[in-house]
Each structure stands twice: as structure tokens, then as C-alpha cells.
Amino acid sequence: MKKAVVVFSGGQDSTTCLVQALSRYDEVHAITFDYGQRHSEEIETARRLASRLGIAAHKVMDVTMLGELAISALTRDEIPVSFELQENGLPNTFVPGRNILFLTLAAIYAYQVGAEAVITGVCETDFSGYPDCRDEFVKALNQAVSLGLDRAIRFETPLMWLDKAETWALADHYGHLDTVRQQTLTCYNGIAGDGCGACPACDLRSRGLQQYLADKAGVLARLHQKTGLGEKSGC
Ligand SMILES: [Zn+2]
């Protein structure tokens with residue numbers, strides 16, 4: 001039996017990874033991290049989606065020590081989310097160590113349930129500012145974790161080279177465009193679905209959606225070319 005663990009925040013990207021995993025693996029587990037992020041609504045959204053999508057198990061882990069250590073607009077209400085980059089060239093929504101911790105914990109979970117893969121929705125195309133979303137980082141951590149566990153757990157990054165329009169196309173490919181559009185939460189102001197429309201996350205998400213809706217056939221063709229997903233393969 002093929003099993004996978006999806007790092008799941010209840011946002012557009014990880015929900016798209018989850019619906020894809022459900023068609024590619026026999027048993028799918030999701031793991032959600034509570035690090036004191038801006039909106040606890042995120043955790044509730046993840047819980048609701050996990051139960052609607054019918055996965056094998058959904059684990060919500062308390063990692064509030066990350067929020068205690070890492071100072072960011074996502075972990076401190078008094079720091080507003082900014083469109084401007086900071087002096088270090090990173091957005092102020094960068095949470096240092098987040099994916100180092102999340103992928104390591106997800107791999108430990110995968111080890112325990114006998115899963116062969118950990119799936120994460122990180123992406124270089126849109127968020128090149130986050131160093132822990134880079135392909136190079138994920139591959140290096142994968143190697144370190146597999147060595148440390150003495151087991152070849154594979155880190156999969158299905159969205160790594162997709163733009164936001166192609167990520168919408170991927171959700172549509174699996175028949176879940178409306179689920180992702182209406183039931184996920186990406187907005188930094190904690191508003192599900194189409195969100196507040198004004199924050200950087202909503203901006204990225206809605207531009208991708210408009211691009212996809214304006215040229216579905218073209219974007220799907222690009223997605224198929226990049227991923228090798230066939231129209232009739234169903235996977
Ligand atoms: Zn927003």
C-alpha cells in the first residue's frame with residue numbers, strides 16, 4: 001500500500017497537493033502545524049477540509065515554540081503584513097525555520113505511519129523570496145532527513161515549478177477547482193475563499209485565478225507539458 005503525508009495548511013497550494021495525493025496514493029495523511037500564526041481560523045479551515053476530503057488521518061501539531069522564537073508578520077499581530085521587502089531582501093511574512101521544522105516533523109510522522117513520501121506545496125516560481133521554499137533547500141533537507149532516519153522518505157514538491165495559474169489548473173484537473181476556490185484560506189487577513197482582495201497573498205492568488213479563467217485551455221496545456229499529466233490518465 002502506497003502512503004503519503006501531506007504538509008497541510010488549509011491554503012490553496014497545500015489543498016491542491018492533498019487532492020492530487022488522494023488520486024496517487026492509497027492512503028493519505030495530512031499534518032497541520034499550529035505555530036501561533038496570525039489566524040487560528042487557518043487551523044479550523046484545515047480541519048474542515050481534511051474531514052470533507054476524506055483522508056486517512058489528520059494530525060494537528062502544536063509547534064507554538066516556533067512562533068515564540070521566530071518574529072514575523074505572521075507570528076506577531078502588531079507587525080502588519082507589508083508589500084515591501086525588508087532590508088534583507090525578504091518579505092516580512094518570512095518565518096525563519098518554518099519549513100525546516102515542518103518538513104522534519106512531517107518526515108518523523110511519515111516514518112511512524114510507514115509512508116514513503118512527504119508532500120509539500122512549496123514553490124519557487126511565485127515566492128522566490130523565501131529561502132526555505134527553494135528546490136535546493138528541499139533536496140538538501142531530504143537527504144539529511146533520510147540519512148538521519150536511515151530510511152528513504154521522498155520529499156515531493158509538485159508545485160515547485162508551477163505558477164499560480166497552473167496551480168489552479170492542477171486543482172481543476174482533479175475536479176476540485178471550486179473546493180479550492182471556496183473552501184481554502186490563503187489570505188493574510190484570515191478571510192476564506194476569495195479573501196480580502198488586498199493583501200499580498202490574495203493578490204497572488206487572484207491574479208493566478210484570473211489568468212487561468214481567461215485561458216483555461218492554454219494554461220492546462222502548459223500544465224500538461226510541465227507535469228506530463230495526460231487528459232485521460234486520471235492521475
Ligand atoms: Zn487577503
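The structure is a predicted model, in which local features need pLDDT of at least 70 and side-chain atom pairs count only at pLDDT 80 or more, while totals for chains, interfaces and linings use all residues. Residues are numbered from 1 along each chain as its sequence is written, and side-chain values use heavy atoms, with hydrogens and water left out.

Strands and helices are named here as DSSP runs, numbered from the N terminus (helices are H or I with at least four residues, strands are E with at least two). Strand E2 (residues 27–34) and strand E3 (residues 57–62) run parallel and are joined by six bridges; two strands are said to pair if DSSP finds at least two bridges between them. E2 also pairs with strand E1 (residues 3–7), again in the parallel sense, over five bridges. Within that pairing, Val 5 has His 29 of E2 as its bridge partner. Between E1 and E2 the chain passes through helix H1 (residues 12–24), and this β-α-β crossover is right-handed; that is, with the strands pointing away from the viewer, the path from the first strand over the helix to the second runs clockwise.

In E2, six of the eight residues are buried, where buried means under 20% relative accessible area, exposed over 50% and partly exposed in between (1.4 Å probe, protein chains only). In H1, ten of the 13 residues are buried, among them Cys 17, Leu 18 and Val 19. From its first C-alpha to its last, H1 reaches 19 Å, close to the 18 Å expected at 1.5 Å a residue; the expected span is 1.5 Å times one less than the number of residues.

Rings of Phe, Tyr and Trp (its six-membered ring) pair if their centres lie within 6.5 Å, and planes under 30 degrees apart count as stacked, over 60 as edge-to-face and the rest as tilted. By this rule there are three aromatic pairs. Phe 33 and Phe 102 form a stacked pair, 4.3 Å centre to centre with 20 degrees between the planes. This pair links distant parts of the chain, with Phe 33 in strand E2 and Phe 102 in helix H4 (residues 98–113), 69 residues apart. Phe 33 and Phe 102 are both buried. The rings of Phe 94 and Tyr 130 have centres 6.0 Å apart and planes at 35 degrees, so this pair is tilted. Phe 94 and Tyr 130 are buried as well. Ring pairs also link Phe 33, Tyr 35 and Phe 102 into a cluster.

Helix H4 also holds Tyr 109, which counts as buried at 13% relative accessibility. The C-alpha atoms of Tyr 109 and His 29 are separated by 9.2 Å, although the two residues are 80 residues apart along the chain.

Further along, a zinc ion is coordinated by the SG atoms of Cys 187, Cys 196, Cys 199 and Cys 202, at 2.3 to 2.4 Å. Donors are N, O and S atoms within 2.8 Å of the metal (3.2 Å for Na, K and Ca); water is not among the atoms, so sites may look incomplete. In sequence, the donor residues follow the spacing C-x8-C-x2-C-x2-C. The four donor atoms subtend angles of 104 to 117 degrees, which makes the arrangement tetrahedral; four donors count as tetrahedral if all angles lie between 85 and 135 degrees.

Note on methods
Tetrahedral: all angles 85-135°; square planar, octahedral: opposite > 155°, others 65-115°.
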